[in-house]
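Hello,

Please have a look at it first and then read on.

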Amino acid sequence: MRLSLVGCGYVGEAIAQQLQGRAGLELTVTTTSEERRGELSAMADQVLVISADDPDGLLAALKGRDAAIFCLGPKGNRQVDAAGYRRTFNDSFRCLEQLLPKLPVLQQIIYTGSCSIYGDAGGGWVDESTTAQPRDEHGAVLLEAERQLLAMGSPQRRVCILRLGALYGPQREFEQRFARLAGSTQPGRGERFTNWVHRDDAAAAAIAALDGHWQGIVNVVDDAPVPLAELLNASLAQAGLAPITWQPASEPGNPGLNRRISNRLLKSKSFELNHPRIALLSGDGAPQREPTSTAKPTSPQR
Ligand SMILES: NC(=O)c1ccc[n+]([C@@H]2O[C@H](COP(=O)([O-])OP(=O)(O)OC[C@H]3O[C@@H](n4cnc5c(N)ncnc54)[C@H](OP(=O)(O)O)[C@@H]3O)[C@@H](O)[C@H]2O)c1
């Protein structure tokens, strides 16, 4: 198989690593930075320095490939504005659409998207059948990206959208990322659910999608959505730092989205998570797993 990994950052590198040594695979990875060519060349047969919104560059990455995994993320350390998101996702997928007539052997397109397209559900469960309700323009861009890609599906070309939960893993450990909140006072109770997936499980899901010829939208989250306060205080305790004091009487200015994202469809594909719940939470109270009944998940509050 000839596979292109378009965008090879946190998740993309893990995919490339997990594919190392696979017989019969010819792997191309892309970066936008010449400086990354060296580090990436150790994990691929070919490294191309391209921007996916450049037709010549994207054609070079995809021509003659059987499959492509798009693992794009906007560049920059600071929060990228919606226009930056549009350039990264919508412009790249517009470019892909225009190139399709030149890519007759491209049978499979996989995209690592985001659960951020789901709206608030008052703490209820949402799944792939729940109507997406992006909260902001960034989410709207990602929903549009999904629509662009799904429209490219055909009997000859499978399209799979993986909606990833928030990522954690190596270099993105909770203890470090939440340390600045140690001993602080925060408004509210921190009751809203957060939904996570370990970086290596996200990468493994992309490979499972490739091998299993998945089509359509699949949530990629772990088994146990966790209330924000529980996660923060467990992280701070693990790091030996002072807990947060919550102020139930004062409402947070931006309360955040409260929903539990179902991975039932992912599980139905016999995909096994290596990190079904966040390790530092193990043993502290009952897990917030999805009920095993066949009841429909709660629809988001409108
Ligand atoms: N991070 C999260 O918590 C999270 C949560 C949910 C979903 N996701 C989804 O997962 C995906 C990957 O996330 P990540 O953390 O792996 O991102 P990342 O580490 O920022 O990597 C993004 C990659 O995309 C490349 N890239 C950026 N703009 C490009 C362009 N115009 N053309 C081609 N390549 C471009 C970057 O190139 P360079 O090598 O030049 O930097 C980099 O290799 C994202 O699409 C995001 O929607 C992430």
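The mean pLDDT of the protein chain is 92, and 92% of its residues reach 70 or more; pLDDT is the predictor's confidence in each residue, from 0 to 100. Residues 293-302 stay under 50, and the model has 23 contacts beyond four places in sequence for them, where contact means heavy atoms within 4.5 Å.

A word on the ground rules. This is a predicted model, in which local features need pLDDT of at least 70 and side-chain atom pairs count only at pLDDT 80 or more, while totals for chains, interfaces and linings use all residues. Residues are numbered from 1 along each chain as its sequence is written, and side-chain values use heavy atoms, with hydrogens and water left out.

Now to the ligand. There are 25 residues around it, and Thr31, Thr32, Arg36, Ala52 and Leu72 come nearest (a residue is near if one of its heavy atoms lies within 4 Å of the molecule). Taken alone, the ligand exposes 910 Å², and the protein buries 83% of that (areas by the Shrake-Rupley method with a 1.4 Å probe).

Which elements give two or more residues to the shell around the ligand? They are α1 (10-18), α4 (82-99) and β5 (108-114), with the largest share, 3 residues, coming from β5. Helices (H or I, at least four residues) and strands (E, at least two) are DSSP runs, numbered from the N terminus. By residue type, the shell divides into 10 nonpolar, 12 polar and 3 charged; Asp, Glu, Lys and Arg count as charged, and Gly is among the polar ones.

In one of them, the rings of Phe174 and Trp196 have centres 4.8 Å apart and planes at 85°, so the pair is edge-to-face (centres within 6.5 Å make a pair; planes under 30 degrees apart are stacked, over 60 edge-to-face, the rest tilted). Phe174 sits in helix α6 (residues 174-177) and Trp196 in strand β11 (residues 196-198), 22 residues apart, linking distant parts of the chain.

Finally, Leu228 belongs to helix α8 (residues 228-238). Beyond its neighbours within four places in sequence, Leu228 is in contact with Gly190, Arg192, Thr194 and Trp246.

Best wishes

Conventions. Rings of Phe, Tyr and Trp (its six-membered ring) pair if their centres lie within 6.5 Å; planes under 30 degrees apart count as stacked, over 60 as edge-to-face and the rest as tilted.
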